[in-house]
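Keep the structure open as you read.

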Amino acid sequence: MQFDVRTLSADNVMSKQAIDAQNESEARRQVESQGLFVASITPVASLLRGASNSRVGNGGGRALPLVLFNQELLALIKAGLSITEALEALLEKEANSSTHSILARLLTGLREGKRFSTVLAEQPEIFPALYVGMVKAAEGTSDLPRALTRFIEYRQQIDVVRNKIISSSIYPLILMAVGFIVSFFLIVFVVPRFADVYQGAGHSLPWMSQVLLKWGLFFSSHTALLLAFIVLFFAGSFIALRRLFLGAGLTSLIARLPGIGEQARIYELSRLYLTLGMLNEGGIPIVSAMRMVDGMVSESVRAGLRLTIALVESGTPLSTAFEANHLTTPISLRLLRVGERTGEMGAMLSQSAAFYDGETNRWIDRFTRTLEPVLMATIGGVVGVIVVLLYMPIFDLAGSIS
């Protein structure tokens, strides 16, 4: 679980850190081990937050691009440099003061004789527990380049689906924005002009046209009030969604939606499988890996994961424990059983995640292809109704004249 911790140093400097820990007591111990006084601790709920952030902050400074840092570090190590020499090279070329201070702290720790995983763990607000655990496991096998490569591939695989969701959302959002602007323009500016024309025509208007014209005149005379209401509506919606997200309520809400809820569950399970597979392949035992991701999943998955850990520790096979706590699907269950027979559990977890990532991508494509024409038809229908209601009196007048 992640905690936002406000700390006070010995020289009375207040700062803020993001700590990954199983509970509040452990988060407090981590902070106090750095020689800091804890002013306040606030839990933060998130969905694979520690694993999915490609940039992690450093207080108020610019974020450290963790993937880019690993790519550069990997290239230097493969070129024959030691970890200390590689960090010295990165420090020399770094112009950003925030990133420069992070690298300087890492280099200072290494020069003091500390292990790389230890100096990474001393900055938990920068380097997530998953990354530190991978590096620590790699130090035991003296295969740091492989661990860095695996982490880069892991981050890229996680970003594929997330970027797919973002890119697929852009066009529908543009459609809705354009539809809203066109409808707003017609109601506020065009409808009142027609109302002025019809008022002097001396001809009775259809009932629906009268309602539209009255609304148009009202909005035209209260444009500032309407704009203020729209701004407050969107601001309130943003705040409500943000609170739902931070409180894990948004995840629960999405899970209840028909069609979307099951796909959201599969997506979350695929992130869980991918993370566990990456850690297990990196040499971390599966129970330790499950404990590491405990604070990075939603509340419903976290509860099942903790029960799974208890079952596995009591001797229950992993596939059976996952199935008992609703953390599997028919495909992933079979792959887990194959992993138990062959001893390649990490590979089977990663393969499960890859399978469901492909399914999620196909579902996103189908959903957006269905949503886009529905949005276009809805927007066209709204604009068409407004235009027809505006011109109905003209049609009636033309008919009476003829």
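Leu279 is in contact (heavy atoms within 4.5 Å) with Leu130, Met134, Ile284, Ala289, Met292 and Val293, leaving aside its neighbours within four places in sequence. You'll find Leu279 in helix α12, residues 260–281; helices here are DSSP runs of H or I with at least four residues, strands are runs of E with at least two, and both are numbered from the N terminus. With a relative accessibility of 0%, Leu279 counts as buried, since that label means under 20% relative accessible area, while exposed means over 50% and partly exposed is in between (1.4 Å probe, protein chains only). Look along the chain to Met290 as well: 11 residues separate it from Leu279, and the two C-alpha atoms are 9.2 Å apart.

A word on what you're looking at. This is a predicted model, where local features need pLDDT of at least 70 and side-chain atom pairs count only at pLDDT 80 or more, though totals for chains, interfaces and linings use all residues. Residues are numbered from 1 along each chain as its sequence is written, and side-chain values use heavy atoms, with hydrogens and water left out.

Now hop over to Ser350, in helix α17 (residues 345–401). Ser350 is buried too, because its relative accessibility is 16%. Not counting residues up to four places away in sequence, Ser350 touches Tyr273, Gly277, Met278 and Glu281. With Glu281 there is also a side-chain polar contact of 3.1 Å, that is, a pair of N or O atoms within 3.5 Å; within protein, one must be able to donate a hydrogen and the other to accept it, and residues adjacent in sequence count only if both atoms are side-chain atoms.

Stepping back, the protein has 17 helices and five strands, and buried residues make up 41% of its 402 residues. Among contacts between residues at least 6 apart in sequence, 61% join residues at least 24 apart.

How far to trust it? The mean pLDDT (the predictor's confidence in each residue, from 0 to 100) is 78, and 82% of residues reach 70 or more. Confidence is highest in helix α15 (residues 318–324), at 90, and lowest in helix α2 (residues 49–52), at a mean of 41. Over residues 45–62 the pLDDT is below 50, yet this stretch has 60 contacts in the model beyond near neighbours in sequence.
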